[in-house]
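Visitor: I'm new to reading protein structures. Could you walk me through one, feature by feature?

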Amino acid sequence: MRFLILLTLVVTALAQWDPNFASRRAGIVHLFEWHWDTIADECEIFLGPNKFAGVQISPPTENRIVDSRPWWKRYQPISYILGTRSGDRAALQ
């Protein structure tokens with residue numbers, strides 16, 4: 001049991017040096033609340049050519065509707081349907 005715990009700790013510690021990026025790429029950009037089409041354009045025009053490694057987006061699942069549209073409502077999923085105010089499934093693909 002102790003060996004398993006030690007192995008888990010070692011693997012976890014080593015994982016911080018393997019970011020799973022393509023070679024010669026670094027950095028992740030947060031594009032929360034952006035429309036999917038706008039994110040695609042940004043990736044093709046600026047982020048890709050400038051060697052950014054990834055993009056984080058708002059949750060794409062259908063979410064609870066709250067008056068005054070607070071930012072946190074995107075984290076209140078109500079289904080697995082890929083459709084939000086950022087776009088639909090086709091735009092996300």
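This is a predicted model: local features need pLDDT of at least 70, side-chain atom pairs count only at pLDDT 80 or more; totals for chains, interfaces and linings use all residues.

Visitor: Okay, on to strands. What is the order of the strands in the open sheet?

Guide: The general idea is to see which strand pairs with which: two strands pair if there are at least two bridges between them. In this model three strands make an open sheet, ordered β3-β4-β5, and the pairing is antiparallel. The edge strands are β3 (61-63) and β5 (87-88), each pairing on one side only.

Visitor: How many bridges join β3 and β4?

Guide: Two bridges, in the antiparallel sense. To find this pairing on screen, look for Asn-63, which stands opposite Pro-77 in β4.

Visitor: And what do β4 and β5 form?

Guide: They form a hairpin, with two residues between the strands. Strand β4 covers residues 77-84, and its antiparallel pairing with β5 also runs over two bridges. You've met Asp-88 already, in the negative patch.

Visitor: What about salt bridges? How many are there?

Guide: Side chains of opposite charge can pair when their charged atoms come close. The cut-off for a salt bridge is a nitrogen of Lys or Arg within 4 Å of a carboxyl oxygen of Asp or Glu. By that rule the count here is two. One of them joins Arg-74 and Glu-33, with the closest N and O atoms 3.2 Å apart. This pair links distant parts of the chain, 41 residues apart: Arg-74 is in the loop between β3 and β4, and Glu-33 is in the loop between β1 (28-30) and α2.

Visitor: Last one: what does the UniProt annotation say about residues 1-15?

Guide: The unreviewed UniProt entry annotates them as "signal peptide". In the model, that span is 93% helix and 0% strand, with its end C-alpha atoms 21 Å apart.

Technical notes
Residues are numbered from 1 along each chain as its sequence is written. Side-chain values use heavy atoms; hydrogens and water are left out. Patches are made of residues with over 30% relative accessible area and no salt bridge: like charges are joined within 9 Å, nonpolar side chains (Val, Leu, Ile, Met, Phe, Trp, Tyr) within 5 Å. Accessible areas come from the Shrake-Rupley method with a 1.4 Å probe; for residues, only the protein chains shown count as cover. A salt bridge is a side-chain nitrogen of Lys or Arg within 4 Å of a carboxyl oxygen of Asp or Glu. Lys and Arg count as positive and Asp and Glu as negative; His and the chain ends are not counted. The place of a charge is taken as NZ of Lys, CZ of Arg, CG of Asp or CD of Glu. UniProt positions are given in the numbering used here, feature names are shortened, and annotations may be inferred rather than shown by experiment. Helices (H or I, at least four residues) and strands (E, at least two) are DSSP runs, numbered from the N terminus.
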